[in-house]
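Please keep the sequence and the 3D view at hand while reading.

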Amino acid sequence: MTKTIENFLRYVKIDTQSSEESTTTPSTMKQHDLAGLLVSELEAMGATEITYDKEHCYVYATVPASAGYENAPVLGFIAHMDTSPAVTDTNVKPRIVEHYDGKDIVLNAAENIVMKTVDFPELLNYVGKDLIVTDGTTLLGADDKAGVAEIMTMAEDLLNHPEKKHGKIRIGFTPDEEVGAGADHFDVKLFGADYAYTVDGGALGELEYENFNAAGAKLHVYGRSVHPGSAKGKMKNAILIAQEFQKLLPVEQNPMYTEGYEGFFHLDAICGNVEEVTADYIIRDHNRQLFEQKKELFLSCADFLNRKYGEGTAIVDMKDSYYNMREIMEQHMHLIDNAKAAMEELGIEPKVSPIRGGTDGARLSFMGLPCPNLCTGGENYHGRYEYACVQSMEKTTGLLIAIATKYADR
């Protein structure tokens with residue numbers, strides 16, 4: 001078993017699930033369990049300039065430049081330590097399915113949990129490969145402990161092989177990416193890299209430098225509760241008005257019907273009664289102009305309902321979350337060109353596609369650290385059917401080393 005896989009199997013057994021309800025950073029203190037372990041392992045392998053932000057749970061470290069390449073650009077590699085709140089990662093039991101045969105995978109016979117190819121046809125891309133799966137009761141944590149494992153293995157390899165040429169390499173591990181706060185306390189100045197990559201993508205070959213422009217919107221609908229027996233002309237049902245609001249949004253601009261560069265309005269949660277309803281939406285589009293138009297439409301729907309039912313019926317709290325990093329990356333396309341070249345040299349087919357979501361790299365790019373996203377070798381993130389391909393993870397580790405080498409001569 002390679003060091004990449006050894007690291008990964010060790011890391012996924014550590015519970016690091018973040019929390020959307022928390023108001024602290026990190027959102028869960030258990031993320032420090034992995035952070036502390038990584039610090040110890042970095043010290044043991046001989047990394048330098050190790051900084052552990054014990055207040056906010058960030059880990060930074062350096063692999064010094066090889067002799068003669070001290071003036072090369074400083075390149076960073078970043079991954080997040082937390083896992084999604086969507087499914088528990090307590091007591092993860094990883095298992096390796098060797099030489100996958102292309103059939104359905106029984107994750108848990110006792111609970112009849114089966115990963116079926118009809119539901120996940122991408123599985124057929126991995127026939128003959130080795131897959132790391134769960135027992136069906138937890139997520140796996142490849143998002144993003146695969147990235148963490150690959151970066152740690154890269155660092156150890158470069159430290160053990162000083163003959164491999166590379167400039168100074170900076171490593172960063174962050175908390176709370178899954179709840180949108182991974183870059184909140186990231187110290188770009190301390191990190192000190194000229195450029196960086198997040199290692200937080202999916203299948204082997206994925207290379208991403210575009211993501212959604214994103215906003216969160218909370219709709220508050222205020223009604224009037226009256227006994228239904230005498231409600232005529234008096235009741236104002238907040239539930240029905242919230243439904244009316246949803247119907248005002250374009251039906252086709254729903255995540256169920258969109259792909260590629262198509263944006264959407266997503267009703268993520270709703271609760272309430274006749275008197276008051278609160279609905280949480282996310283608004284997404286890759287195109288900045290269309291993104292702004294979507295926000296304007298959302299607000300105009302609330303204005304319409306206020307004119308219809310009275311001022312103060314529909315109140316919207318809206319906040320931008322992040323922007324499309326393509327605006328920044330277009331000035332630094334060497335990051336994409338070098339990653340593609342490194343992939344091709346290793347026999348990996350580059351798959352450049354837009355992220356239909358966000359990444360720490362998007363926010364970091366706007367904070368002054370250009371930061372596209374690389375693959376990790378995982379699939380089916382945020383659920384019990386998550387898996388990672390052993391060979392893909394091992395190739396990703398080699399990819400990180402190859403990219404580091406390319407920047408030695410820049």
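Which residue in β18 does Leu 131 stand opposite? The residue is Cys 389. The model used throughout this report is a predicted one.

Leu 131 and Cys 389 face each other where strand β7, residues 131-133, meets strand β18, residues 387-389. These two strands run antiparallel and are joined by two bridges. In general, strands of a sheet pair through backbone hydrogen bonds, and the pairing can be parallel or antiparallel.

The sheet that holds them is open and has four strands in the order β4-β7-β18-β17, paired antiparallel. Its edges are formed by β4 (95-97) and β17 (378-379), each of which pairs on one side only. Helix α10, residues 390-406, packs on this sheet and touches both β7 and β18. The direction of α10 makes about 60° with that of β18.

## The annotated binding site

An unreviewed UniProt entry carries the annotation "binding site" for His 80, Asp 143 and Asp 200. These residues span 121 residues in sequence, but no two of their C-alpha atoms are more than 8.1 Å apart, so they gather at one spot. From this set, His 80 and Asp 200 belong to the lining of the largest cavity.

## His 80

His 80 lies in strand β3, which covers residues 75-80. Is this side of the site buried or exposed at His 80? His 80 has a relative accessible area of 1%, so it counts as buried, the cut-off being under 20%.

Leaving aside residues up to four places away in sequence, His 80 touches Asp 143, Asp 144, Lys 145, Val 148, Thr 174, Glu 177, Glu 178, Asp 200 and Asp 360. With Asp 143, the side chain of His 80 makes a polar contact of 3.0 Å.

## Asp 200

Asp 200 sits in the loop between β9 (195-199) and β10 (206-208). Its relative accessible area is 14%, and Asp 200 is therefore classed as buried, again by the cut-off of under 20%.

The contacts of Asp 200, not counting residues up to four places away in sequence, are with His 80, Asp 143, Asp 144, Glu 177, Asn 373, Leu 374 and Thr 376. A polar contact of 3.2 Å links the side chain of Asp 200 to that of His 80.

Terms used:
Residues are numbered from 1 along each chain as its sequence is written. This is a predicted model: local features need pLDDT of at least 70, side-chain atom pairs count only at pLDDT 80 or more; totals for chains, interfaces and linings use all residues. Side-chain values use heavy atoms; hydrogens and water are left out. Two strands pair if DSSP finds at least two bridges between them. Contact means heavy atoms within 4.5 Å. Axes are lines fitted to C-alpha atoms, for helices over the stretch in contact, and angles run from 0 to 180 degrees between N-to-C directions. UniProt positions are given in the numbering used here, feature names are shortened, and annotations may be inferred rather than shown by experiment. On a 1 Å grid over the protein atoms alone, a cavity is a set of points where a 1.4 Å probe fits but cannot get out, and a pocket is an open set with protein on both sides within 12 Å along at least five of seven lines; lining residues have an atom within 4 Å of a point. Buried means under 20% relative accessible area, exposed over 50%, partly exposed in between (1.4 Å probe, protein chains only). A polar contact is a pair of N or O atoms within 3.5 Å; within protein, one must be able to donate a hydrogen and the other to accept it, and residues adjacent in sequence count only if both atoms are side-chain atoms.
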